[in-house]
Amino acid sequence: NSLPYLDIYEAKIADDGQLKDVLPFEEAEHLNKRFHEGPVSFSEDGKYMVYTRNAYDEKANDGTVNLELFSTEKIDSAWVNETELSFNHKEYSCGQPSLSADGKTMYFTANFPDSYGGTDIYKSVRLSDNNWSKPENLGSTINTEGNEMFPFYHISGLLFFASDGHVGLGGLDLFLSIEKPTGFDNVLNLGAPLNSTRDDFAFIMNKESKNGYFSSNRDGG
């Protein structure tokens, strides 16, 4: 439809929080190809990355080009060992990864057959051989008959995500849930001014829980 595709970019953060010097991800320009790449997530040490990419090799039976997850690791100054995650499937999309600080747990979005509705949030664990475990649906506390998307797992144990299935202000809203030994607790709407009557999603926050960013198609953007 003549619209552009997503690529992976990087930017410097100014003192006032604005993003400056926006450039294609220079350290791994080879990751940006013809179709969609992104979003991405890094381990805290910056040496392991999981990213979203369109399926280049196989289309779904209905002709759809779905999304897949890939990993890559930084050795010296180069991103190498690009690996397609084993649970990718041509008939379903999975993407929008969020890694834990140690890079050993990942939350992501998918529309697998066991989803409660549109897209759900899943969890997978990185195994000793660097493969990832079978995805686990986070269940009906988090997922609804609508769409749950853009998970972000904070080092404090908070899971942030966007949903149009939980009660909100309109469109996609931002929610959080606290991780406990038995799983994630009740879902809380982040409320205004973060949420609006439009789509609000892709929330991220720094380690100190003081500053963050999110996306929105509200007026003024």
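Predicted model: local features only at pLDDT ≥ 70, side-chain atom pairs only at ≥ 80, totals over all residues.
**Salt bridges**

I started with Lys 180 and Asp 185, which form a salt bridge (a side-chain nitrogen of Lys or Arg within 4 Å of a carboxyl oxygen of Asp or Glu) with the closest N and O atoms 2.9 Å apart. Residues are numbered from 1 along each chain as its sequence is written, and side-chain values use heavy atoms, with hydrogens and water left out.

My cut-offs are under 20% relative accessible area for buried, over 50% for exposed and partly exposed in between, with a 1.4 Å probe and protein chains only.

Strands here are DSSP runs of E, at least two residues long, numbered from the N terminus. Asp 219 is exposed, with 69% relative accessible area, whereas Arg 198 is partly exposed at 35%.

Asp 21 also has a salt-bridge partner, Lys 12, with the closest N and O atoms 3.9 Å apart. Lys 12 counts as exposed at 52%, and Asp 21 as partly exposed at 46%.

How many salt bridges does the rule give? I get eight. There is also a network of salt bridges linking Glu 37, Arg 53 and Glu 82.

**Glu 82**

I followed Glu 82 from that network. Glu 82 belongs to strand β6 (residues 78-84) and is partly exposed, at 36% relative accessibility. Phe 70 is twelve residues from Glu 82 in sequence, and their C-alpha atoms are 6.7 Å apart in space.

**Strand β8**

Is strand β8 (residues 105-110) enclosed or open? Six of its six residues are buried, so β8 is largely enclosed by the rest of the structure. Thr 105, Tyr 107 and Thr 109 point one way from β8, while Met 106, Phe 108 and Ala 110 point the other way. That goes with the general rule: side chains in a regular strand alternate between the two faces of the sheet.

I then checked what β8 pairs with, taking two strands as paired if DSSP finds at least two bridges between them. Strand β7 (residues 94-99) runs antiparallel to β8, joined by four bridges, and Ser 98 has Tyr 107 of β8 as its bridge partner. Strand β9 (residues 120-125) pairs with β8 in the antiparallel sense as well, over six bridges. For Met 106, the bridge partner in β9 is Ser 124.

The hairpin of β7 and β8 has five residues between the strands, and Gly 103 there takes a positive phi near 75°. Lys 104 is in the loop between β7 and β8 too, and is partly exposed at 48%. I also looked up Lys 104 against His 89: they are 15 residues apart along the chain, with 22 Å between their C-alpha atoms.

**Largest pocket**

The largest pocket comes out at about 2,000 Å³. A pocket is an open set of points on a 1 Å grid over the protein atoms alone, where a 1.4 Å probe fits, with protein on both sides within 12 Å along at least five of seven lines; lining residues have an atom within 4 Å of a point. Points are joined across faces, edges and corners, and the volume is the space filled by probe spheres set on them.

Which of the 49 lining residues are closest to the centre of the largest pocket? I find Val 40, Phe 42, Phe 152, Ile 204 and Tyr 213. Elements giving two or more residues to the lining are β1, β2, β3 (37-42), β7, β11 (148-153), β16 and β17. β3 gives the largest share, six residues.
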